[in-house]
Amino acid sequence: MSTAELAVLDAQITTAKSNLETMIADYNEALDTIWMIYATALVFFMHSGFSLLESGCVRFKNAQNILAKNLIVVTVGFLCWYVIGFPLAFGNVETTNKFMGHANFFMNELWDTKSSMRWWLFQGAFCATGGTIVSGAMAERTQLKGFITYTMCMTSFIYPIVVWWGWSGNGFLNFTNDEGESVSEFGAPLIDFAGSGIVHMVGGVGAICGAIIVGPRKDRWDESKSNDFAAHSIPFCVLGTIFLWFGWYGFNPGSTGAMHSADSAHTAGLVAVNTTLSPCVAGIVVFFLRAKILPPRSLDVGGFCNGILAGLVAITAGCAVVKPWEAVIIGFFGGLFYQGGSMLLRKVKVDDVVDAFPVHGMCGCWAILASGLFGDPDEGIGGNGAFYGGNQFWTQLMAAVIFVAWTAAWSILIFLPLRLAKALRLSDEFQDKGADAMEHSPNKAYNQGY
């Protein structure tokens, strides 16, 4: 073979290699996009679960009203994410700070990096979840304009800034130091894989602040009328719980952010397994406790549902860094934390209609702390638990304290003026007749049966 022929062959090989690399890159991009859109669809579907669960928990005369609030959370939430939420959470700037992002308003410049579209969409679905958690806690006595005001604040800056701290790679809870190591201002970088703290705990703290400031539903703590406040549709509660669990397989596994390598596939598989085991244990724990040991000492299907959700929240932070047997333990204690929180709210007479704070607030806090206790560094999957000699717990503890302080401070600053301005609580007449009859068309959610 002549020198000229060898040169031609070498050029052809080089071209083939280049084409192969381009094809692999395109294939990986397509795989990641398909995976993220699929995961986003599952997370978005969770809003149908929230809608069913919350409408089932309220009285029939307010079913349409709570459904309207769920629709508002999705529509208003995504628009706020588009305008300002994403820029504060992930705004891509050359000169960053550790407090918040400040670029890509109205998706400016994202068109130049089209792979960002899938991440914008996935994280936007997360953002709306925080407002939905709050709506359930404050159901049946909250004015629409007051709720919309808070939802806009939650999805515009309360939640997005927390996201910057923990997930942007530039915030003070997770950034890269001069040596190229991931660290936080407290040592190890925060572990919150899919948002037990960043999403659920923030929503749960907002929920408890709202429930306290708006006050209980009229006659809620009158013992002679306690049965009047029972959930009007247990089937809706169960279906909503199953829908939420189903959507959680997008929420947690989808947080890998990619699906073009064996490592990301293996991580997603582990996450899915842990997302199954923890709620199974937590749900059974609560169901057993209420059947045999604690009031009502009968089979409480609604409690079973919330126990399952408690287990899901409890494993969301550490689902990628713990083994399945650790997920079982985390779920077990998640059930206990939920039950304790639910009893505490009743003791102090805080009217949280769907037990949002015990499920999302307390179990979100437990999840953050559990990620500092469990997870063996020697397994090579990102764990750094104190039970194995790791130094993760201090970061997790400080993150939990900061999340509570930040969310509570802003929630009080928003809810309290609304209450004082008479823009938060529905009147007694509204509550007696039901918001559906007073301000909706048609004036009832059901044409028959009620």
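I began with the aromatic rings in this predicted model, and the count came to 28 aromatic pairs.

I opened the pair F122 and F126 to start. Their ring centres are 4.8 Å apart with 50 degrees between the planes, and the pair is tilted. I then looked up where they sit: F122 and F126 both belong to helix α3 (residues 116-137), four residues apart, about one turn of the helix.

Next I turned to F333 and W366. Here the centres are 5.8 Å apart and the planes stand at 50 degrees, so I noted this pair as tilted. F333 is in helix α9 (residues 324-347) and W366 is in helix α10 (residues 356-370), so this pair ties together parts that are 33 residues apart in sequence.

F333 has a relative accessible area of 36%, so I put it down as partly exposed. W366 has a relative accessible area of 9%, so it goes down as buried, given the cut-off of under 20%.

Back to F122 and F126 for a moment: I wanted to know which residues ring pairs link into a cluster. The cluster holds W81, F86, F90, W119, F122, F126, Y159, W167, W248 and F251.

Last, I looked for charges over rings. K98 lies over the face of F175, at 3.9 Å from the ring centre. R220 sits over the face of W221, at 4.4 Å from the ring centre.

Note on methods:
Residues are numbered from 1 along each chain as its sequence is written. This is a predicted model: local features need pLDDT of at least 70, side-chain atom pairs count only at pLDDT 80 or more; totals for chains, interfaces and linings use all residues. Side-chain values use heavy atoms; hydrogens and water are left out. Rings of Phe, Tyr and Trp (its six-membered ring) pair if their centres lie within 6.5 Å; planes under 30 degrees apart count as stacked, over 60 as edge-to-face and the rest as tilted. Helices (H or I, at least four residues) and strands (E, at least two) are DSSP runs, numbered from the N terminus. Buried means under 20% relative accessible area, exposed over 50%, partly exposed in between (1.4 Å probe, protein chains only). A charge sits over a ring if NZ of Lys or CZ of Arg is within 6 Å of the ring centre and within 35 degrees of the ring normal.
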